[in-house]
Amino acid sequence: GGEALLSAVNLMPSINLEWVWSNGFTQSDQGVSPDSTTIYTVFGTLIPGCNTATQSVTVTVFDSLHFDLVSDWSLCLGDSLFIQATGANGGLEPYAWGWESNSFFDQPQDGLPGQFVAPTIPTEYCITLNDACESPDYTACTAVDVPADIDPSFTANVVSGCFPLEV
């Protein structure tokens with residue numbers, strides 16, 4: 001997803017060199033976005049057969065960002081839950097973590113891969129991972145269901161009687 005700027009530098013600017021890159025490019029500067037780690041070579045030529053030494057540069061492409069997240073949770077009203085992204089990989093560390101929820105009442109804090117939450121209504125939490133490179137962000141979401149409180153009610157066919165009373 002990112003781009004690397006490659007530059008061939010002429011240390012003798014009074015000589016007009018033509019650049020020959022391994023990918024066929026002929027200018028001194030080029031932007032490249034390879035799909036996998038690639039080695040680029042370049043040399044300068046004044047006239048055919050009169051070339052500079054060949055130089056090479058490796059453009060490393062990191063794996064895509066990813067982490068694992070449990071998909072759905074159930075929680076009783078008043079309880080808390082620790083939600084954590086695990087197994088973060090890809091990209092280039094250090095990682096940065098962002099959190100969002102769809103609840104106005106429960107806004108998690110950014111910066112960590114895990115935290116305690118205590119929603120009072122069903123809430124979806126989305127965690128976004130980005131890195132120190134240009135890797136596309138990775139986002140995963142989990143839903144926390146908080147069922148409504150249950151008001152118990154009781155009925156009895158016998159509510160009073162002589163000792164020993166059997167109910």
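**Cysteines, cores, pocket and cis prolines**

Cysteine 50 is partly exposed, at a relative accessibility of 40%, where buried denotes under 20% relative accessible area, exposed over 50% and partly exposed the range in between, calculated with a 1.4 Å probe on protein chains only. The model is a predicted one, in which local features need a pLDDT of at least 70, side-chain atom pairs count only at pLDDT 80 or more, and totals for chains, interfaces and linings use all residues. Residues are numbered from 1 along each chain as its sequence is written, and side-chain values use heavy atoms, with hydrogens and water left out.

Cysteine 133 is likewise partly exposed, with a relative accessible area of 36%. One disulfide (a pair of cysteine sulfur atoms within 2.5 Å) is found when the whole structure is searched, and it is formed by cysteine 126 and cysteine 141, whose sulfur atoms lie 2.0 Å apart. This pair links distant parts of the chain, with cysteine 126 in strand 13 (residues 123-130) and cysteine 141 in strand 14 (residues 138-145), 15 residues apart; strands here are DSSP runs of E of at least two residues, numbered from the N terminus. The torsion about the S-S bond of cysteine 126 and cysteine 141 is about 105°, so the disulfide is right-handed. Cysteine 126 is buried at a relative accessible area of 16%, whereas cysteine 141, at 35% relative accessibility, is partly exposed.

A nonpolar core is a set of buried Ala, Val, Leu, Ile, Met, Phe, Trp, Tyr and Cys residues joined through side-chain atoms within 4.5 Å. The largest core holds 16 residues, of which Phe67, Ile83, Ile127 and Val144 touch the most other members, and strand 13 provides its largest share, three residues. With contact taken as heavy atoms within 4.5 Å, phenylalanine 67 touches, among others, Trp97, Ile127, Leu129, Tyr138 and Ala140, residues up to four places away in sequence not being counted. Apart from this core lies another, of nine residues, including Ala8, Leu17, Tyr40 and Val59.

The largest pocket has a volume of about 400 Å³. A pocket is an open set of points on a 1 Å grid where a 1.4 Å probe fits, with protein on both sides within 12 Å along at least five of seven lines, and lining residues have an atom within 4 Å of a point. Of the 24 residues lining the largest pocket, Val9, Trp19, Thr52, Ala53 and Gln55 are the closest to its centre. Strand 4 gives the largest share of this lining, six residues, and the lining as a whole divides into 16 nonpolar, eight polar and no charged residues.

Aspartate 106, in the loop between strand 11 and strand 12 (114-117), is buried, with a relative accessible area of 14%. With residues up to four places away in sequence left out, aspartate 106 touches Ser101, Val117, Ala118, Pro119 and Tyr125.

Two prolines follow cis peptide bonds. Glutamate 93 and proline 94 are joined by one, with omega about 10°, and proline 94 lies in the loop between strand 10 (86-89) and strand 11. Phenylalanine 163 and proline 164 are joined by another, with omega about -10°, and proline 164 is placed in the segment after strand 14.

Key. Helix = DSSP H or I, 4+ residues; strand = E, 2+ residues; numbered from the N terminus. Points joined across faces, edges and corners; volume = space filled by probe spheres on them. Nonpolar A, V, L, I, M, F, W, Y, C, P; charged D, E, K, R; others polar.
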